[in-house]
Amino acid sequence: MWCWTQGVPVEVVPFAYLAIANKLKNIKNTLCSATDNTAKRIFENDKPEVCMRTAVRKAGPVVTDNGNFVMDVKFGKIFEPALLENEIKMIPGVIEVGLFCSMAKESWFGNEDGTVSSRTI
């Protein structure tokens, strides 16, 4: 099975990218459940690896249409994507996260061989 390895893309405002990178590097890997007070592991890695996405045909970072930067954050396997998405979105200066939880019931994937596959929830 194919596995995405580039990390979760996170769109951030340029003036806050260093502070956001530090917050992402230190994001908690466990959260306590409100119902039974047990710790829940959110992702595989102990500490996320954060890097600025760099442009291919120009010097510097990738800049979005809105003038923001994109960071790639490697968490390893993500066990609780909705919790992680919420934690990242709560960081001031984060515009969007490449985890799209509860947004669609079906996903379509273009494969290297030109075929299309789909997955339904």
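1. In this predicted model, helix H1 has Ile20, Ala21 and Leu24 buried. These residues span an arc of only 105° around the axis, so they sit on the same side of H1. An α-helix has 3.6 residues a turn, so residues three or four places apart point the same way. Leu18 and Lys23, on the other side of H1, are exposed. The cover over the buried residues of H1 includes S1, S4, S5, H2 and S6.

2. Four strands form an open sheet in the order S4-S5-S1-S6, and the pairing is antiparallel. Strand S4 (49-52) and strand S6 (94-97) are the edge strands, each pairing on one side only. On average, and with direction ignored, neighbouring strands of this sheet are turned by 25° against each other. Helix H1 (residues 17-25) packs on the sheet and touches S1, S4, S5 and S6; the direction of H1 makes about 15° with that of S5. Helix H2 (residues 81-89) also packs on the sheet. H2 touches S1 and S6, and its direction makes about 165° with that of S6.

3. How is S5 paired with the strands beside it? Strand S1 (residues 8-12) and strand S5 (residues 69-74) pair in the antiparallel sense, over five bridges. Val12 stands opposite Phe69 in S5, and the bridge partner of Pro9 in S5 is Asp72. S4 and S5 also run antiparallel, joined by four bridges. In S5, Asp72 is the bridge partner of Cys51.

4. Is S5 enclosed or open to the outside? Five of the six residues of S5 are buried, so the strand is largely enclosed by the rest of the structure.

5. The largest nonpolar core has 22 residues. Ile20, Leu24, Phe75, Leu84, Ile88 and Val94 are the residues with the most contacts inside this core. At least two residues of the core come from each of S1, H1, S5, H2 and S6. Ile88 illustrates how these parts meet: leaving aside residues up to four places away in sequence, Ile88 touches Val10, Leu24, Ile27, Phe75, Val94 and Val97.

6. The loop between S4 and S5 holds Arg53. With a relative accessible area of 28%, Arg53 is partly exposed. Its side chain makes a polar contact with the side chain of Asp72, at 2.7 Å. Arg53 touches Pro9, Pro61, Val62, Val70, Met71 and Asp72, when residues up to four places away in sequence are not counted. The C-alpha atoms of Arg53 and Val10 are separated by 9.7 Å, while the two residues are 43 residues apart along the chain.

7. Lys58 is also found in the loop between S4 and S5. Its relative accessibility is 44%, so Lys58 counts as partly exposed. A polar atom of the Lys58 side chain lies 3.1 Å from the backbone oxygen of Pro61. Pro61 is also among the residues that Arg53 touches.

8. Ser102 lies in the loop between S6 and strand S7 (106-110). At 81% relative accessibility, Ser102 counts as exposed, the cut-off for that word being over 50%.

How values were computed: Residues are numbered from 1 along each chain as its sequence is written. This is a predicted model: local features need pLDDT of at least 70, side-chain atom pairs count only at pLDDT 80 or more; totals for chains, interfaces and linings use all residues. Side-chain values use heavy atoms; hydrogens and water are left out. Two strands pair if DSSP finds at least two bridges between them. Axes are lines fitted to C-alpha atoms, for helices over the stretch in contact, and angles run from 0 to 180 degrees between N-to-C directions. Contact means heavy atoms within 4.5 Å. Buried means under 20% relative accessible area, exposed over 50%, partly exposed in between (1.4 Å probe, protein chains only). A polar contact is a pair of N or O atoms within 3.5 Å; within protein, one must be able to donate a hydrogen and the other to accept it, and residues adjacent in sequence count only if both atoms are side-chain atoms. A nonpolar core is a set of buried Ala, Val, Leu, Ile, Met, Phe, Trp, Tyr and Cys residues joined through side-chain atoms within 4.5 Å. The arc is that of the directions from the helix axis to the C-beta atoms.
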